[in-house]
Amino acid sequence: MLNWDAPLCLIILLILNLLITPVIAGELDQRLESFPFWENKPSVATPQGELVYPEWMEGIWEVTSTLTQQVAPLAPEIVTPGFTDNERYLNQPIRFLVKFKPDYLPNLNQGIVPTTIPQELPIIPDRAFNGLNIAQAYLGKDTVTKVKVNPQNPNEQITFLPNQSQLITKVTGRQTENLSNNRFIATEIAQQIFRSQSLIYLNEVETTTAYQLIEPGNITGDQVTAIYLSSQDPDYFKAFNRPVALYRYVLQLRKVRSSSGKYLR
(Lines give C-alpha, C1' and ligand atoms only; values in the text may rest on other atoms or scores of the structure.)
Protein backbone atom coordinates (compact mmCIF):
# COMPACT_ATOMS: atom_id res chain seq x y z
CA MET A 1 0.00 0.00 0.00
CA LEU A 2 1.28 3.44 -0.91
CA ASN A 3 1.84 5.70 2.07
CA TRP A 4 0.97 9.11 0.65
CA ASP A 5 1.75 12.21 2.58
CA ALA A 6 -1.65 13.77 3.37
CA PRO A 7 -0.97 17.28 2.00
CA LEU A 8 0.45 15.83 -1.23
CA CYS A 9 -2.62 13.60 -1.60
CA LEU A 10 -4.93 16.60 -1.20
CA ILE A 11 -3.00 18.56 -3.81
CA ILE A 12 -3.21 15.69 -6.31
CA LEU A 13 -6.94 15.27 -5.67
CA LEU A 14 -7.43 19.01 -6.12
CA ILE A 15 -5.60 18.94 -9.46
CA LEU A 16 -7.66 15.96 -10.62
CA ASN A 17 -10.85 17.72 -9.59
CA LEU A 18 -9.88 20.81 -11.57
CA LEU A 19 -9.18 18.68 -14.63
CA ILE A 20 -12.56 16.98 -14.62
CA THR A 21 -14.73 19.89 -13.44
CA PRO A 22 -16.77 21.44 -16.30
CA VAL A 23 -16.20 25.06 -17.24
CA ILE A 24 -18.12 27.30 -14.85
CA ALA A 25 -20.99 29.00 -16.61
CA GLY A 26 -20.89 32.75 -16.99
CA GLU A 27 -23.37 35.24 -15.60
CA LEU A 28 -25.44 35.35 -18.79
CA ASP A 29 -25.60 31.56 -19.03
CA GLN A 30 -26.74 31.35 -15.40
CA ARG A 31 -29.25 34.11 -16.09
CA LEU A 32 -30.93 32.07 -18.79
CA GLU A 33 -30.92 29.03 -16.53
CA SER A 34 -32.72 31.00 -13.79
CA PHE A 35 -35.53 32.22 -16.07
CA PRO A 36 -38.15 33.49 -15.19
CA PHE A 37 -36.86 34.40 -11.74
CA TRP A 38 -35.08 37.58 -12.76
CA GLU A 39 -34.83 40.17 -10.01
CA ASN A 40 -32.57 42.72 -11.70
CA LYS A 41 -30.74 43.67 -14.87
CA PRO A 42 -27.56 41.92 -16.02
CA SER A 43 -24.12 43.47 -15.63
CA VAL A 44 -23.36 45.34 -18.84
CA ALA A 45 -20.80 47.81 -20.15
CA THR A 46 -21.36 50.91 -22.24
CA PRO A 47 -21.15 49.74 -25.88
CA GLN A 48 -18.07 50.79 -27.82
CA GLY A 49 -18.78 50.28 -31.49
CA GLU A 50 -20.69 47.26 -32.73
CA LEU A 51 -21.55 43.84 -31.28
CA VAL A 52 -19.07 41.27 -32.65
CA TYR A 53 -20.27 37.73 -33.37
CA PRO A 54 -18.31 34.47 -33.87
CA GLU A 55 -17.08 33.69 -37.39
CA TRP A 56 -19.52 30.78 -37.66
CA MET A 57 -22.43 33.24 -37.65
CA GLU A 58 -21.39 34.92 -40.90
CA GLY A 59 -24.04 34.81 -43.61
CA ILE A 60 -27.71 35.35 -44.34
CA TRP A 61 -29.92 33.12 -42.23
CA GLU A 62 -33.56 32.13 -42.28
CA VAL A 63 -34.72 32.36 -38.67
CA THR A 64 -37.72 30.55 -37.23
CA SER A 65 -38.61 32.26 -33.96
CA THR A 66 -41.24 30.74 -31.66
CA LEU A 67 -42.50 32.41 -28.51
CA THR A 68 -42.76 29.60 -25.95
CA GLN A 69 -43.23 31.44 -22.63
CA GLN A 70 -44.70 34.77 -21.60
CA VAL A 71 -44.53 36.01 -18.01
CA ALA A 72 -45.67 39.19 -16.22
CA PRO A 73 -43.70 38.90 -12.93
CA LEU A 74 -45.46 41.83 -11.23
CA ALA A 75 -49.02 41.13 -12.42
CA PRO A 76 -51.73 41.99 -11.69
CA GLU A 77 -50.36 45.19 -10.19
CA ILE A 78 -48.19 46.03 -13.19
CA VAL A 79 -48.87 44.76 -16.70
CA THR A 80 -47.30 46.39 -19.74
CA PRO A 81 -49.38 47.68 -22.68
CA GLY A 82 -49.73 44.98 -25.28
CA PHE A 83 -48.88 42.06 -22.99
CA THR A 84 -52.27 40.43 -23.48
CA ASP A 85 -52.22 41.05 -27.23
CA ASN A 86 -48.86 39.32 -27.51
CA GLU A 87 -50.43 36.06 -26.38
CA ARG A 88 -51.48 35.49 -30.00
CA TYR A 89 -47.81 34.81 -30.84
CA LEU A 90 -47.49 31.93 -28.35
CA ASN A 91 -46.33 28.74 -30.10
CA GLN A 92 -46.67 30.44 -33.49
CA PRO A 93 -43.45 30.18 -35.56
CA ILE A 94 -42.45 33.47 -37.17
CA ARG A 95 -39.92 33.41 -40.03
CA PHE A 96 -37.60 36.15 -41.26
CA LEU A 97 -34.09 36.69 -42.63
CA VAL A 98 -31.12 38.14 -40.72
CA LYS A 99 -27.61 38.97 -41.86
CA PHE A 100 -24.23 38.89 -40.10
CA LYS A 101 -21.40 40.20 -42.25
CA PRO A 102 -17.68 40.97 -42.11
CA ASP A 103 -17.26 44.72 -41.91
CA TYR A 104 -15.23 47.49 -40.36
CA LEU A 105 -15.98 48.37 -36.75
CA PRO A 106 -17.23 51.96 -36.57
CA ASN A 107 -15.08 54.26 -34.47
CA LEU A 108 -17.59 56.27 -32.45
CA ASN A 109 -15.03 58.98 -31.71
CA GLN A 110 -13.66 59.45 -35.21
CA GLY A 111 -16.53 58.51 -37.53
CA ILE A 112 -17.04 55.31 -39.46
CA VAL A 113 -13.67 55.20 -41.25
CA PRO A 114 -11.17 53.07 -39.23
CA THR A 115 -7.71 54.47 -38.56
CA THR A 116 -6.17 51.04 -39.24
CA ILE A 117 -7.43 48.24 -41.47
CA PRO A 118 -7.44 44.84 -39.74
CA GLN A 119 -6.35 41.72 -41.63
CA GLU A 120 -9.59 39.94 -40.75
CA LEU A 121 -12.81 41.88 -40.52
CA PRO A 122 -15.07 41.15 -37.53
CA ILE A 123 -18.53 39.65 -38.02
CA ILE A 124 -21.18 42.24 -37.13
CA PRO A 125 -24.98 42.44 -37.62
CA ASP A 126 -26.63 44.31 -40.46
CA ARG A 127 -28.97 46.19 -38.14
CA ALA A 128 -31.03 47.93 -40.80
CA PHE A 129 -31.60 44.66 -42.68
CA ASN A 130 -32.32 42.68 -39.52
CA GLY A 131 -34.50 45.30 -37.88
CA LEU A 132 -36.68 45.76 -40.94
CA ASN A 133 -37.16 42.02 -41.54
CA ILE A 134 -37.99 41.24 -37.91
CA ALA A 135 -40.38 44.17 -37.54
CA GLN A 136 -42.18 43.37 -40.79
CA ALA A 137 -42.48 39.68 -39.86
CA TYR A 138 -44.31 40.56 -36.65
CA LEU A 139 -46.15 43.75 -37.62
CA GLY A 140 -46.59 43.43 -41.39
CA LYS A 141 -44.87 45.01 -44.38
CA ASP A 142 -47.47 47.76 -44.57
CA THR A 143 -46.91 48.68 -40.92
CA VAL A 144 -43.12 49.03 -40.95
CA THR A 145 -41.86 51.12 -43.84
CA LYS A 146 -38.16 51.58 -43.04
CA VAL A 147 -35.45 51.09 -40.43
CA LYS A 148 -32.66 53.64 -40.41
CA VAL A 149 -29.38 53.21 -38.49
CA ASN A 150 -27.30 56.21 -37.44
CA PRO A 151 -24.25 56.05 -39.75
CA GLN A 152 -22.10 57.53 -36.99
CA ASN A 153 -23.33 55.15 -34.29
CA PRO A 154 -24.67 51.62 -35.02
CA ASN A 155 -26.25 51.53 -31.56
CA GLU A 156 -28.93 54.04 -32.58
CA GLN A 157 -31.75 53.29 -35.00
CA ILE A 158 -35.23 54.50 -35.93
CA THR A 159 -38.11 52.27 -37.05
CA PHE A 160 -40.62 54.20 -39.15
CA LEU A 161 -44.30 53.33 -38.65
CA PRO A 162 -47.56 54.59 -40.19
CA ASN A 163 -49.04 58.03 -39.43
CA GLN A 164 -45.58 59.51 -38.82
CA SER A 165 -45.03 57.29 -35.77
CA GLN A 166 -41.51 56.23 -34.87
CA LEU A 167 -39.78 53.74 -32.57
CA ILE A 168 -36.39 55.12 -31.54
CA THR A 169 -33.96 52.56 -30.11
CA LYS A 170 -30.57 53.23 -28.51
CA VAL A 171 -28.38 50.43 -27.14
CA THR A 172 -26.99 51.59 -23.79
CA GLY A 173 -25.42 48.40 -22.40
CA ARG A 174 -23.86 45.22 -23.74
CA GLN A 175 -22.13 42.05 -22.55
CA THR A 176 -21.02 38.84 -24.31
CA GLU A 177 -19.77 35.40 -23.29
CA ASN A 178 -17.91 32.78 -25.33
CA LEU A 179 -18.36 29.62 -23.27
CA SER A 180 -16.92 27.32 -25.96
CA ASN A 181 -16.02 27.26 -29.64
CA ASN A 182 -19.66 26.63 -30.56
CA ARG A 183 -21.65 28.55 -27.92
CA PHE A 184 -21.99 32.32 -27.80
CA ILE A 185 -24.20 34.49 -25.56
CA ALA A 186 -24.92 38.18 -26.00
CA THR A 187 -27.08 40.61 -24.10
CA GLU A 188 -28.02 44.17 -24.99
CA ILE A 189 -30.06 46.71 -23.07
CA ALA A 190 -31.73 49.42 -25.12
CA GLN A 191 -33.77 52.49 -24.38
CA GLN A 192 -36.88 52.68 -26.54
CA ILE A 193 -39.09 55.67 -27.29
CA PHE A 194 -42.35 55.16 -29.15
CA ARG A 195 -43.44 58.49 -30.56
CA SER A 196 -46.70 59.29 -32.35
CA GLN A 197 -48.73 62.43 -32.88
CA SER A 198 -50.63 61.88 -29.64
CA LEU A 199 -48.40 59.65 -27.48
CA ILE A 200 -44.87 59.20 -26.21
CA TYR A 201 -44.06 55.95 -24.41
CA LEU A 202 -40.65 55.03 -22.96
CA ASN A 203 -39.22 51.79 -21.63
CA GLU A 204 -36.06 49.68 -21.52
CA VAL A 205 -35.65 46.37 -23.31
CA GLU A 206 -33.12 43.65 -22.59
CA THR A 207 -32.44 40.97 -25.19
CA THR A 208 -30.30 38.03 -24.05
CA THR A 209 -29.60 35.28 -26.59
CA ALA A 210 -27.55 32.08 -26.42
CA TYR A 211 -26.50 30.76 -29.84
CA GLN A 212 -25.40 27.13 -30.24
CA LEU A 213 -23.64 25.94 -33.39
CA ILE A 214 -24.99 22.45 -34.14
CA GLU A 215 -23.16 22.07 -37.45
CA PRO A 216 -22.08 24.50 -40.20
CA GLY A 217 -25.19 26.26 -41.43
CA ASN A 218 -27.33 25.13 -38.50
CA ILE A 219 -27.67 27.16 -35.29
CA THR A 220 -30.16 27.02 -32.45
CA GLY A 221 -30.94 29.85 -30.08
CA ASP A 222 -32.47 30.47 -26.66
CA GLN A 223 -33.64 34.07 -26.42
CA VAL A 224 -35.32 36.11 -23.69
CA THR A 225 -36.66 39.64 -24.09
CA ALA A 226 -37.26 41.52 -20.84
CA ILE A 227 -39.19 44.79 -20.52
CA TYR A 228 -38.30 47.33 -17.82
CA LEU A 229 -40.14 50.52 -16.93
CA SER A 230 -38.47 53.85 -17.62
CA SER A 231 -37.73 56.23 -14.78
CA GLN A 232 -40.55 58.47 -16.08
CA ASP A 233 -43.18 55.78 -15.53
CA PRO A 234 -45.38 56.36 -12.44
CA ASP A 235 -44.86 52.71 -11.42
CA TYR A 236 -41.09 52.87 -11.79
CA PHE A 237 -40.27 52.68 -8.08
CA LYS A 238 -42.62 49.74 -7.63
CA ALA A 239 -40.71 47.75 -10.20
CA PHE A 240 -37.31 49.49 -10.10
CA ASN A 241 -34.85 47.14 -11.87
CA ARG A 242 -37.18 44.15 -11.98
CA PRO A 243 -38.62 43.21 -15.37
CA VAL A 244 -42.35 43.76 -15.82
CA ALA A 245 -42.67 41.45 -18.85
CA LEU A 246 -40.63 38.45 -20.01
CA TYR A 247 -40.80 36.67 -23.36
CA ARG A 248 -38.83 33.50 -24.15
CA TYR A 249 -38.21 32.33 -27.70
CA VAL A 250 -36.75 29.23 -29.31
CA LEU A 251 -34.72 30.12 -32.40
CA GLN A 252 -33.72 27.96 -35.34
CA LEU A 253 -31.27 29.51 -37.81
CA ARG A 254 -30.65 27.92 -41.21
CA LYS A 255 -28.00 29.50 -43.43
CA VAL A 256 -29.32 30.25 -46.90
CA ARG A 257 -26.36 32.13 -48.41
CA SER A 258 -23.20 34.00 -47.54
CA SER A 259 -23.39 37.63 -46.50
CA SER A 260 -22.02 38.61 -49.93
CA GLY A 261 -25.13 37.09 -51.53
CA LYS A 262 -23.69 33.80 -52.80
CA TYR A 263 -26.28 31.02 -52.45
CA LEU A 264 -25.33 27.81 -50.69
CA ARG A 265 -25.69 24.52 -52.52
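Modeller: A residue is called buried under 20% relative accessible area, exposed over 50%, and partly exposed in between. The model discussed here is predicted.

Biologist: Why is Lys101 called partly exposed?

Modeller: Its relative accessibility is 23%. That value falls between the limits of 20% and 50%, so Lys101 is partly exposed.

Biologist: What makes Asp126 and Lys101 a salt bridge?

Modeller: Their closest N and O atoms are 3.7 Å apart. A salt bridge needs a Lys or Arg side-chain nitrogen within 4 Å of an Asp or Glu carboxyl oxygen, so the pair qualifies. Asp126 sits in the loop between β3 (123-125) and α3 (127-139), Lys101 in strand β2, so the bridge ties together parts 25 residues apart in sequence.

Biologist: Is Asp126 buried or exposed?

Modeller: Asp126 has a relative accessibility of 14%. The limit is 20%, so Asp126 counts as buried.

Biologist: How do you know that Lys238 forms a salt bridge with Glu77?

Modeller: The closest N and O atoms of Lys238 and Glu77 are 3.7 Å apart, and the cut-off is 4 Å, so this is a salt bridge. The pair links distant parts of the chain, with Lys238 in helix α4 (residues 236-239) and Glu77 in the loop between β1 (59-71) and β2 (94-102), 161 residues apart.

Biologist: Why does Glu77 count as exposed?

Modeller: Glu77 has 58% relative accessibility, which is over 50%, so it counts as exposed. Lys238 has a relative accessible area of 45%, so it is partly exposed.

Biologist: What makes Arg174 and Glu188 a salt bridge?

Modeller: Their closest N and O atoms are 2.8 Å apart, within the 4 Å cut-off, so the pair is a salt bridge. Arg174 lies in strand β6 (residues 166-180) and Glu188 in strand β7 (residues 183-195), 14 residues apart. Both Arg174 and Glu188 are buried. Salt bridges with shared partners join Glu50, Arg127, Arg174 and Glu188 into one network.

Biologist: How many salt bridges are there?

Modeller: A search of the whole structure finds 16 salt bridges.

Biologist: How many aromatic pairs does the structure hold?

Modeller: The structure holds 8 aromatic pairs. One of them is Phe35 with Trp38, whose ring centres are 6.0 Å apart and whose planes are at 85 degrees. Centres must lie within 6.5 Å, and planes over 60 degrees apart count as edge-to-face, so Phe35 and Trp38 are an edge-to-face pair.

Biologist: Are Phe35 and Trp38 buried or exposed?

Modeller: Phe35 is at 8% relative accessibility, and Trp38 has a relative accessible area of 4%. Tyr89 and Tyr138 form another edge-to-face pair, because their ring centres are 5.3 Å apart and their planes stand at 75 degrees. This pair also links distant parts of the chain, Tyr89 in the loop between β1 and β2 and Tyr138 in helix α3, 49 residues apart. Phe35 and Trp38 are both under the 20% limit, so both are buried.

Biologist: What makes Arg31 a charge over the ring of Trp38?

Modeller: Arg31 lies over the face of Trp38, at 4.0 Å from the ring centre, and the distance cut-off is 6 Å. The charged end of Lys146 likewise sits over the ring of Phe160, 4.9 Å from its centre.

Biologist: How do you know that β5 and β6 pair?

Modeller: Strand β5 (residues 156-160) and β6 share 5 bridges in the antiparallel sense. At least two are needed, so the strands pair. Gln157 stands opposite Thr169 in β6. The two strands form a hairpin with 5 residues between them, and Asn163 in the turn has a positive phi of about 60 degrees.

Biologist: How many bridges join β6 to β7?

Modeller: β6 and β7 run antiparallel and are joined by 13 bridges. Lys170 stands opposite Gln191 in β7, and the hairpin between these strands passes through 2 residues.

Biologist: Which residues have the most contacts inside the largest nonpolar core?

Modeller: Tyr53, Tyr211 and Ile219 do, in a core of 32 residues. β10 (245-257) is one of the strands that each supply at least two residues of this core. The largest share, 5 residues, comes from β10.

Conventions:
Residues numbered from 1 in each chain as written. Predicted model: local features only at pLDDT ≥ 70, side-chain atom pairs only at ≥ 80, totals over all residues. Heavy atoms only, no water. Helix = DSSP H or I, 4+ residues; strand = E, 2+ residues; numbered from the N terminus. Buried < 20%, exposed > 50% of the residue type's maximum accessible area, 1.4 Å probe, protein only. Phe/Tyr/Trp six-rings, centres within 6.5 Å; stacked < 30°, edge-to-face > 60°. Lys NZ or Arg CZ within 6 Å of the ring centre and 35° of its normal. Core = buried A, V, L, I, M, F, W, Y, C linked by side-chain atoms within 4.5 Å.
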